[in-house]
Amino acid sequence: MLHEILGFAVAGGAAYAADLGLFVWLRGPGGFGPLGAKALSFLAGCTVAYLGNALGTYRGRAAGVGRARQYGVFFAVNVAGALVQLACLGVSHYVLGFTGARADVVSGAGVGMALATALRFWGTRNFVFRATVQAREG
C-alpha cells in the first residue's frame, strides 16, 4: 500500500503543478476569465493525474474496461473531490461564519484538500484501478 500512496502522491503533485501553472498562464497571458481558466486547468490536472496513475502507480492492474471509460470514472472521482473541497469551504464560510481569508484557506485548501485527497485515493483505488481477483492472487 505504501507504493500506491507514494505513486498517488507523485501523480497528484504533478497534476497540481499542471493545474496551477496552466491556470496562472490562462488567467494572465492567455487572457481567459477565472471560470474558463479553472475549468481548463482542472481538466489538464485530471489528465496528468490519470496518466501518472495509469502509467505509473497502477500500471500493473488490468484495465478491465476501455481507457476512455476508465478516464471518465477517474474524472468523476476527481469532480467528487472538488465538491468535497467546495462543501468544506461553504460550510465554514456560510454556515459556521468563519469568513476571513485565513479561515477560507484552512477550510478549502487545508481540511477540504485533505478530505478530497482521501476520497480521490479511495475512489481511484476502488473504482478506477481496482485490483481484479486474478491480479491480487498473482
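Start by selecting serine 107, found in helix 4 (residues 101-128). Helices here are DSSP runs of H or I with at least four residues, numbered from the N terminus. The model is predicted: local features need pLDDT of at least 70, side-chain atom pairs count only at pLDDT 80 or more, and totals for chains, interfaces and linings use all residues. Residues are numbered from 1 along each chain as its sequence is written, and side-chain values use heavy atoms, with hydrogens and water left out.

Is serine 107 buried or exposed? Serine 107 counts as buried because its relative accessibility is 7%; buried means under 20% relative accessible area, with a 1.4 Å probe and protein chains only.

Now show its contacts (heavy atoms within 4.5 Å). Leaving aside neighbours within four places in sequence, serine 107 touches Cys88, Leu89, Ser92 and Gly112.

Next, select aspartate 19. Its place is in helix 1 (residues 2-27). Aspartate 19 is buried too, at a relative accessible area of 12%. Not counting residues up to four places away in sequence, its contacts are Lys38, Ser41, Phe42 and Gly45.

Now display helix 1 with helix 2 (residues 34-57). Their axes come within 8 Å and cross at roughly 155 degrees. Axes are lines fitted to C-alpha atoms over the stretch in contact, and angles run from 0 to 180 degrees between N-to-C directions. That crossing makes helix 1 roughly antiparallel to helix 2 (an angle over 145 degrees).

Which residues make up this contact? They divide into 15 nonpolar, seven polar and four charged. Nonpolar covers Ala, Val, Leu, Ile, Met, Phe, Trp, Tyr, Cys and Pro; charged covers Asp, Glu, Lys and Arg; the others, Gly among them, are polar.

How values were computed:
Helix = DSSP H or I, 4+ residues; strand = E, 2+ residues; numbered from the N terminus. Buried < 20%, exposed > 50% of the residue type's maximum accessible area, 1.4 Å probe, protein only. Parallel < 35°, antiparallel > 145°, perpendicular 65-115°, else oblique.
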